[in-house]
Amino acid sequence: MSDEITPLLAYVESTALAPIGPGLHTRAACLTAAGLQENSMALSEVGDRGKYFGEPGSDGAAAIGGTLVSVLANLTGQNRTDVANSLEFASRVAAKEAGPDDHTSKYWEEFKKSLFQIGWLKQKDEWSKDFVDGQTSGAENFSDYVITNVRNDPLYSEAEKSVVIRAMESLRSQAAKRAFFRRFTAGGSKGSFGVNAATVNNGALALRFSVFTFNCNAAVDDYLIFNIKHIKADVQKDNVDVAGNQRTIDSLRSKIEAKLDKAAGDYIDGVDI
């Protein structure tokens, strides 16, 4: 084992993840429904987080905590599992570290800090600010605002824009999926969520994502569909581009999966696109 990997393994082992109460989409619930709770092989087959993105060869999407993650068709099954594992791990670490600041930039700084320690290399990380006045923005809700933002953002390729926007439109149209996402994204007058596109470039995993925090003048019940006509909000956005170091991801995979299994809870739900 190299000197570079040893401290990263220690980080994964020692890091505390935020617990979350069980719900409809837990890995344990999936296994129980299938009558497979005692079968370790079934845990691998049914509980594989990458399965929430669908099969290789097709675009896919899933909500992982407060991030809507889209994957392009060129991701293999293992790629999909690695993306899901990494983002759930970073989300749980961020929730633990940010505490009550889970709808602010502090959460996303902790999210990135963890991601950068488990095999992802920063290519770009840039915060910006905006102000939204619902009377003049032209957006009916904050998901409209985010869709317009992604559509005009040079961070994303056209293929990535397409899959992110399709995923957002699908998520907000499905009440049960939206309710799951709301648990992680709505905090009264403060809310936040991220959109993420995963692809493979020259054989290497890459993630491009934008996170948004909203500090509003009144409570917002659902940050995807709540009408913002009478809402004013200070918005912070972070554009992030990261590349996967596959050697590191491979070395940490089993340790991360073991850690996630110990912190069972519903943190991921597939989104049909």
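This is a predicted model: local features need pLDDT of at least 70, side-chain atom pairs count only at pLDDT 80 or more; totals for chains, interfaces and linings use all residues.
Student: Why is Asn196 called buried?
Tutor: Buried means under 20% relative accessible area, exposed over 50%, and partly exposed in between, with a 1.4 Å probe and protein chains only. Asn196 has a relative accessible area of 0%, so Asn196 is buried. Asn196 is found in strand E5.

Student: What does Asn196 touch?
Tutor: Contact means heavy atoms within 4.5 Å. Not counting residues up to four places away in sequence, Asn196 touches Thr67, Leu68, Val69, Ser70, Leu87, Val164, Leu207, Arg208 and Phe209.

Student: Why is strand E5 described as largely enclosed by the rest of the structure?
Tutor: E5 covers residues 190-201, and ten of its twelve residues are buried, so the strand is largely enclosed. Strands are DSSP runs of E with at least two residues, helices are runs of H or I with at least four, and both are numbered from the N terminus.

Student: How do you know that E2 and E5 pair?
Tutor: Two strands pair if DSSP finds at least two bridges between them. Strand E2 (residues 67-71) and E5 have five bridges, in the parallel sense. Ser70 has Ala197 in E5 as its bridge partner.

Student: What makes E4 and E5 a pair?
Tutor: Strand E4 (residues 186-187) is joined to E5 by two bridges, and the strands run antiparallel. The criterion is at least two bridges, so E4 and E5 qualify. Ala186 stands opposite Gly191 in E5. In the hairpin of E4 and E5, two residues lie between the strands, and Gly188 takes a positive phi near 75°.

Student: How many bridges join E5 to E6, and in what sense do the strands run?
Tutor: Twelve bridges join E5 to strand E6 (residues 204-216), and the two run antiparallel. Gly194 is partnered with Val211 in E6, and Val195 with Ser210. E5 and E6 also form a hairpin with two residues between them, where Asn202 in the turn has a positive phi of about 50°.

Student: What makes E6 largely enclosed?
Tutor: Eleven of the 13 residues of E6 are buried, so E6 is largely enclosed by the rest of the structure. E6 also pairs with strand E7 (residues 232-244) in the antiparallel sense over eleven bridges. Leu207 has Val242 in E7 as its bridge partner.

Student: Is Lys112 buried or exposed?
Tutor: Lys112 has a relative accessible area of 3%, so Lys112 is buried. Lys112 lies in helix H5 (residues 105-115).

Student: What makes the pair Lys112 and Asp238 a polar contact?
Tutor: A polar contact is a pair of N or O atoms within 3.5 Å; within protein, one must be able to donate a hydrogen and the other to accept it, and residues adjacent in sequence count only if both atoms are side-chain atoms. The side chains of Lys112 and Asp238 are joined at 2.6 Å, and those of Lys112 and Glu109 at 3.2 Å.

Student: Why are the buried residues of H1 said to line one face of the helix?
Tutor: The buried residues of helix H1 (residues 5-14) are Ile5, Leu9, Tyr11 and Val12. Seen down the axis of H1, they fall within an arc of 155°, so they line one face. The arc is that of the directions from the helix axis to the C-beta atoms.

Conventions: Residues are numbered from 1 along each chain as its sequence is written. Side-chain values use heavy atoms; hydrogens and water are left out.
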